[in-house]
Amino acid sequence: MRVVVADDSVLLREGLVRVLGEAGHEVVGAFGDADALTAGVAELAPDLALVDIRMPPGFRDEGVRAAIELRRRHPALGILLLSQYVELVYAQELLASGSGRVGYLLKDRVASLDELDDAIERISQGGTVLDPEVVRQLIGARRDPLAALTAREGEVLQLMAEGRSNSAIARALTIGVGAVEKNVTSIFLKLGLDESAAAHRRVLAVLTWLERAHG
């Protein structure tokens, strides 16, 4: 397969280039940031892109956002995400089309080069490859996402849904702003909204509450 690799770590990027070449794949490009990846795919027309989720400049979600956009522009492009983290929001978006040729493996759990090569082969044949931990968290996210919230967290989330700021929530519940912030952070964690979605977590949390309340 014609493959491009995108990872900000030079050592990991060059290591992937080497092992992929030894496995018989043609590595046509290696990039250290998402913008270079996007431009490289347009120019080189690879069959598969191996992409780290967190890349420069923000080291938050640049890689996976680029992967989603690349999949939109190039529907036949295979995507294999390699990450240290499970990013549920974007994993669900990338998998939403159901068209296959997608993989998501956790770097620390790739036990052998054969496992990586097998994932690439399965993606090339139109399959989907998911790390068991990714599967576990995706299944968990399908359960009632609010069931794990405490009564206080439920109150805080309801007031968030009413558009109240943390200070307004603190006044309404007669608690400190610091206590509200701790509850909000806990809500984000329990709903699987990690820091990669920082700009959207409050909105996503409210949408989850609204779907449950009015669904």
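**Helix 1 and beyond**

Mentor: In helix 1, the residues Arg13, Leu16 and Leu20 are buried, where buried means under 20% relative accessible area, exposed over 50% and partly exposed in between, with a 1.4 Å probe and protein chains only. Helices (H or I, at least four residues) and strands (E, at least two) are DSSP runs, numbered from the N terminus.

Trainee: Why are they on the same side of helix 1?
Mentor: Because they cover an arc of only 60 degrees around the axis, the arc being that of the directions from the helix axis to the C-beta atoms. In general, an α-helix has 3.6 residues a turn, so residues three or four places apart point the same way.

Trainee: And what covers the buried residues of helix 1?
Mentor: The cover includes strand 1 (2–6), strand 2 (26–31), strand 3 (48–52), strand 4 (78–83) and helix 5 (113–124). On the other side of helix 1, Leu11, Arg18 and Glu22 are exposed, and just after this helix glycine 24 takes a positive phi of about 100 degrees.

Trainee: Before we move on, what kind of model is it?
Mentor: It is a predicted model, in which local features need pLDDT of at least 70 and side-chain atom pairs count only at pLDDT 80 or more, while totals for chains, interfaces and linings use all residues. Residues are numbered from 1 along each chain as its sequence is written, and side-chain values use heavy atoms, with hydrogens and water left out.

Trainee: Okay, new topic: at what angle do helix 3 and helix 4 cross?
Mentor: The axes of helix 3 (residues 62–73) and helix 4 (residues 88–95) come within 10 Å and cross at roughly 10 degrees; axes are lines fitted to C-alpha atoms, for helices over the stretch in contact, and angles run from 0 to 180 degrees between N-to-C directions. That makes helix 3 roughly parallel to helix 4, since angles under 35 degrees count as roughly parallel, over 145 as roughly antiparallel, 65 to 115 as roughly perpendicular and the rest as oblique.

Trainee: Which residues make the contact?
Mentor: Helix 3 contributes Val64, Arg65, Ala67, Ile68 and Arg71, and helix 4 contributes Tyr90, Glu93 and Leu94, with contact meaning heavy atoms within 4.5 Å.

Trainee: Where is alanine 148 found?
Mentor: Alanine 148 is in the loop between helix 6 (132–142) and helix 7 (151–161), and at 47% relative accessibility it counts as partly exposed. Leaving aside neighbours within four places in sequence, alanine 148 is in contact with Glu153 and Lys190.
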